[in-house]
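Visitor: Please take one part of this model and go through it closely. I would like the packing between helices, with the cut-offs stated.

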Amino acid sequence: MTEQPDHLEVALTDLRPSLEPLLMVADEPLDPVTLASAVGHPVDTVVAGLAALAAEYDEQGRGFELRNVAGGWR
């Protein structure tokens, strides 16, 4: 298991508007490098942001899950 940083270099609120739409419209899992390139943030920051979003969605009991599958996030 990879340790996540205590805080993100870029606030999740800054990443969310970029990441969520890409994840919602993608028809296949998106790898962290592709997502980082699309949103213009470092891969490590995007990976931490994705993990934070996934945890937040789980905590809120949303009707969908964000998971890392098949080498990418969906």
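Guide: The model is predicted, and its protein chain has a mean pLDDT (the predictor's confidence in each residue, from 0 to 100) of 86, with 86% of residues at 70 or more. Local features need pLDDT of at least 70 and side-chain atom pairs count only at pLDDT 80 or more, while totals for chains, interfaces and linings use all residues. Residues are numbered from 1 along each chain as its sequence is written, and side-chain values use heavy atoms, leaving out hydrogens and water.

Helices are DSSP runs of H or I, at least four residues, numbered from the N terminus. Confidence is lowest in helix H1 (residues 12-25), at a mean of 88, and highest in helix H2 (residues 32-39), at 95.

The axes of H1 and H2, lines fitted to C-alpha atoms over the stretch in contact, come within 10 Å and cross at roughly 125 degrees. Angles run from 0 to 180 degrees between N-to-C directions. Those under 35 degrees count as roughly parallel, over 145 as roughly antiparallel, 65 to 115 as roughly perpendicular and the rest as oblique, so H1 and H2 are oblique to each other. Contact (heavy atoms within 4.5 Å) is made by Leu15, Ser18, Leu19, Leu22 and Leu23 of H1 and by Leu35, Ala38 and Val39 of H2.

Technical notes. Helix = DSSP H or I, 4+ residues; strand = E, 2+ residues; numbered from the N terminus.
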